[in-house]
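I am keeping short notes on what I look up in this structure. The entries follow the order in which I worked.

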Amino acid sequence: MKQPSWAALLGRNAQLLQRAAQPLRDRRKPPPGAGSWLMGSVLTEAGPRRYWLFRPEGVRFAEKLPLMVMLHGCHQDAKNFAESTRMNAVAARERFLVLYPEQPRLANAQGCWNWFDTQSGRAFSEAAWIMRAVDQVCVLYAADRDRVAVAGLSAGASMAALLATRYPQRFKALVMHSGVPPGTAHSTVSAVGAMQGRRMPHSLQSVVEPAEAWPPLMVIHGEDDGVVSARNGDAAAQMWSQAAGAREGAPLAQQRGKRYPMTVTHFKRSRELVATLVQVGSLGHAWSGGAAQQRFSDANGPDASRMVWRFAEKQFGVSLRARGSA
């Protein structure tokens with residue numbers, strides 16, 4: 001039997017090394033989007049906490065861009081959340097910054113934000129370090145403090161809601177995708193019940209600022225979500241509506257091409273938009289309209305990233321008009 005040559009062995013070993021190194025190269029490769037993928041960190045009592053920032057190309061000196069804060073879900077990190085949502089591509093086209101705080105596995109083994117752990121204070125500590133990351137980005141990269149929005153998926157959506165209700169003066173818009181509204185849980189056990197739609201929001205006194213100050217809310221939730229019950233989406237919209245004394249409008253059925261159909265309901269106080277509920281038919285626990293073949297992403301849904309930006313952009317415009325007339 002003929003033995004393989006040294007050249008063949010070396011070539012085979014080189015191929016094996018290339019395959020072994022591929023995951024490392026993939027982790028270092030920035031997500032799609034014409035711009036810079038920058039790492040930063042903030043110090044907390046528990047140690048440093050990392051975040052990633054997407055900055056579009058061609059930012060001029062002293063130019064202030066809007067800031068979108070994106071909070072990943074469980075079993076995700078900043079990079080794969082950016083890849084699955086494709087928010088960087090939207091940011092490159094529309095010219096805004098995207099901040100991706102990242103939950104370390106030491107804080108939660110599944111990478112979930114501990115949005116529910118209010119009794120021990122862990123939820124508030126995580127909210128505080130995310131706000132420090134926002135402040136740092138505003139200083140280092142000249143993000144516009146008057147145009148900041150926050151969005152999240154699943155546990156990230158619940159943490160986004162906690163941020164927006166605890167620091168409402170800092171955010172002009174909130175988007176919850178497949179999340180649980182604040183005030184529904186205080187422990188791991190109660191969080192599971194809340195995810196299943198078996199717990200409704202309780203009083204948020206001493207936890208958040210008065211409801212009158214809350215930013216406008218958009219809820220996006222799949223009707224076939226088997227992880228976080230779609231009842232939570234309706235509960236969040238109703239919570240915002242009732243707190244602000246808003247009235248529920250007639251649901252509007254919409255569908256773009258072959259994408260999943262959706263039903264959109266607006267909640268308004270006079271002409272002021274308080275909340276928008278987007279219920280997506282056939283969508284499970286996944287980012288609607290996200291990248292194909294990505295975990296927690298469904299390319300067949302309406303484009304959630306585009307909806308998130310358009311919603312935030314409208315609130316930024318309202319804020320600027322109000323400021324100009326003051």
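I am working with a predicted model, in which local features need pLDDT of at least 70, side-chain atom pairs count only at pLDDT 80 or more, and totals for chains, interfaces and linings use all residues. Residues are numbered from 1 along each chain as its sequence is written, and side-chain values use heavy atoms, with hydrogens and water left out.

**Entry: Ser36**

I looked up the contacts of Ser36, leaving aside its neighbours within four places in sequence, and found Leu53, Phe54 and Arg55. Ser36 belongs to strand E1 (residues 35-44). Helices (H or I, at least four residues) and strands (E, at least two) are DSSP runs, numbered from the N terminus.

**Entry: aromatic rings**

A pair of aromatic rings is described by the distance of the centres and the angle of the planes. Rings of Phe, Tyr and Trp (its six-membered ring) pair if their centres lie within 6.5 Å; planes under 30 degrees apart count as stacked, over 60 as edge-to-face and the rest as tilted. How many aromatic pairs does the structure hold? I noted nine. For Phe81 and Tyr100 the ring centres are 6.5 Å apart and the planes are at 90°, so I wrote down edge-to-face. Phe81 is in helix H2 (residues 78-85) and Tyr100 in strand E4 (residues 97-101), so this pair ties together parts 19 residues apart in sequence. Phe81 and Tyr100 are both buried.

I then took Trp214 and Trp240, whose ring centres are 4.6 Å apart with planes at 45°, so the pair is tilted. Trp214 is in the loop between helix H6 (188-195) and strand E7 (217-222), and Trp240 is in helix H7 (residues 231-244), so the pair ties together parts 26 residues apart in sequence. I found Trp214 and Trp240 buried. Ring pairs also link Trp37, Trp52, Phe81, Tyr100 and Trp287 into a cluster.

**Entry: strand E10**

I used the rule that two strands pair if DSSP finds at least two bridges between them. Strand E10 (residues 262-269) pairs with strand E8 (residues 247-248) in the antiparallel sense over two bridges. There, Arg247 has Lys268 in E10 as its bridge partner. Strand E9 (residues 252-254) pairs with E10 antiparallel over three bridges, and Leu252 has Val264 as its partner in E10. E10 and strand E11 (residues 272-280) run antiparallel and are joined by eight bridges. The two form a hairpin with two residues between them, and Ser270 in the turn has a positive phi of about 60°.

**Entry: strand E7**

Why did I note E7 as largely enclosed by the rest of the structure? Six of its six residues are buried, so that is the reason. Leu217, Val219 and His221 are on one side, Met218, Ile220 and Gly222 on the other. E7 pairs in the parallel sense with strand E6 (residues 173-177) over four bridges, and Val175 stands opposite Met218. E7 and E11 also run parallel, joined by six bridges. Here I found Leu217 opposite Ala275 in E11.

Conventions
Contact means heavy atoms within 4.5 Å. Buried means under 20% relative accessible area, exposed over 50%, partly exposed in between (1.4 Å probe, protein chains only).
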